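Hi,

Here is the structure I promised to pass along, followed by some notes on what turned up in it. Have a look at it first, and then read on.

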Amino acid sequence: MVEQSTRNERVAFAGDPAATLAAMRDHLTELQVPQIAHGRRAIILFEGPEGSGKKHALRQLAASFDPCNYSVHCTRHDRRESAEGHWLSRFWRQLPPAGHTSIFLRSWYRRVLDDRLLRRVDDKTAARAFDEINEFEAQQRDYGTLLVKLYFDVGSDVQELRLRERSKNPWAPLLNREPAIEVRHPDYRQAVQQLRAYSDTRWSPWRMIDGNDETQASIAALSAIADAWSESMPAEPPRAVRGSGRAA
């Protein structure tokens, strides 16, 4: 474990940003191996408003991990939710098997962010959702699953510029079918404050990422993931069960 922590520090102080990202990707490739070998489960959340650099960081992570051992789930508003039972049920179906990582680009936190700000749920429902989320995440922890929650924040001027640039793409109306939550809105800031106050728990803390510079945000996100992996994943190979060909 000490060796892994030292390696993280060396990577963090690599040369230019492009070289740092390349070193972080290589490092995460190495860190995923013991997870797979030991059959450990992991969940990574990429949360934050549109234009905050989440996809840029996700592309860097996707270039690091073995594609056979992770899946990406893009969470959008589901109008069928109420007809399918409890609102968390679709996420239960997306939890990772042994040795696998489930990555969520947006997640169950849409319930207390977008859905609340767009008046799809009221304050009472949102308060109950926080309790249900905390219990859900505690259950994952109790089951031995590593949970890494990244929240990408961004300044209103930067968000506005990025969304304006995206809108120039003629395909944009077909790709972005949901209204973007504007960070300049006072209700958004209040919602983020409550998010941190009610769901930044001991077993699943938030890691806040400054998304104003996409490259630096990607470095910070990958560094946070690498730190979590180094702290949680076994440093030694699994012990083989004699005569079985299986790992203990």
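A word on accessibility before anything else: a residue is called buried under 20% relative accessible area, exposed over 50%, and partly exposed in between, with a 1.4 Å probe and protein chains only. Please keep in mind that this is a predicted model, in which local features need pLDDT of at least 70 and side-chain atom pairs count only at pLDDT 80 or more, while totals for chains, interfaces and linings use all residues. Residues are numbered from 1 along each chain as its sequence is written, and side-chain values use heavy atoms, with hydrogens and water left out.

**Overall picture**

The protein chain has 248 residues, and 46% of them are buried. Its secondary structure consists of ten helices and seven strands; these are DSSP runs numbered from the N terminus, with helices being H or I of at least four residues and strands E of at least two. Contact here means heavy atoms within 4.5 Å. Among the contacts with a separation of 6 or more, 78% link residues 24 or more positions apart.

**Two helices packing on H10**

Helix H10 (residues 214-232) meets helix H2 (residues 17-38), their axes coming within 10 Å and crossing at roughly 25°. The axes are lines fitted to C-alpha atoms, for helices over the stretch in contact, and the angles run from 0 to 180 degrees between N-to-C directions. H2 and H10 are therefore roughly parallel, since angles under 35 degrees count as roughly parallel, over 145 as roughly antiparallel, 65 to 115 as roughly perpendicular and the rest as oblique. Their crossing is left-handed, a term for a near helix turned anticlockwise from the far one by less than a right angle, with right-handed meaning clockwise. Residues in this contact include Leu21, Met24, Leu28 and Leu31 of H2 and Ile219, Leu222, Ala226 and Trp229 of H10. By class, the contact of H2 with H10 has ten nonpolar, nine polar and one charged residues.

On the H3 side the contact involves His56, Ala57, Gln60 and Leu61, which meet Glu214, Thr215, Ser218, Ala221, Leu222 and Ile225 of H10. The residues of this contact divide into five nonpolar, four polar and one charged.

Gly211 sits in the loop between strand S5 (206-210) and H10, and counts as buried because its relative accessible area is 0%. From Gly211 to Asp153 the C-alpha distance is 5.4 Å, although 58 residues separate them in sequence. Leaving aside residues up to four places away in sequence, Gly211 touches Ser52, Asp153, Val154, Arg162 and Ala217.

Tyr151 belongs to strand S4 (residues 146-153) and is buried at 1% relative accessibility. Tyr151 and Trp206 lie 55 residues apart in sequence, with 6.8 Å between their C-alpha atoms. With residues up to four places away again not counted, the residues touched by Tyr151 include Glu47, Pro49, Leu113, Tyr188, Trp206 and Met208.

**Backbone points to check**

Most residues other than glycine have a negative phi. Which values do Arg106 and Arg119 take? Arg106 has a positive phi near 70°, and Arg119 has a positive phi of about 65°. Arg106 is in the loop between strand S3 (101-105) and helix H5 (114-117) and is buried, at 7%. Arg119 is in the loop between H5 and helix H6 (123-142) and is exposed, at 61%.

The model has zero disulfides, a disulfide being a pair of cysteine sulfur atoms within 2.5 Å. Cys68 is exposed at 64% relative accessible area, and Cys74 is partly exposed at 41%.

Finally, Asn176 lies in the loop between helix H8 (172-175) and helix H9 (186-199). Its relative accessible area of 43% makes Asn176 partly exposed. Asn176 is 126 residues from Glu50 in sequence, with a C-alpha to C-alpha distance of 9.9 Å.

Best wishes

Terms used. Nonpolar A, V, L, I, M, F, W, Y, C, P; charged D, E, K, R; others polar.
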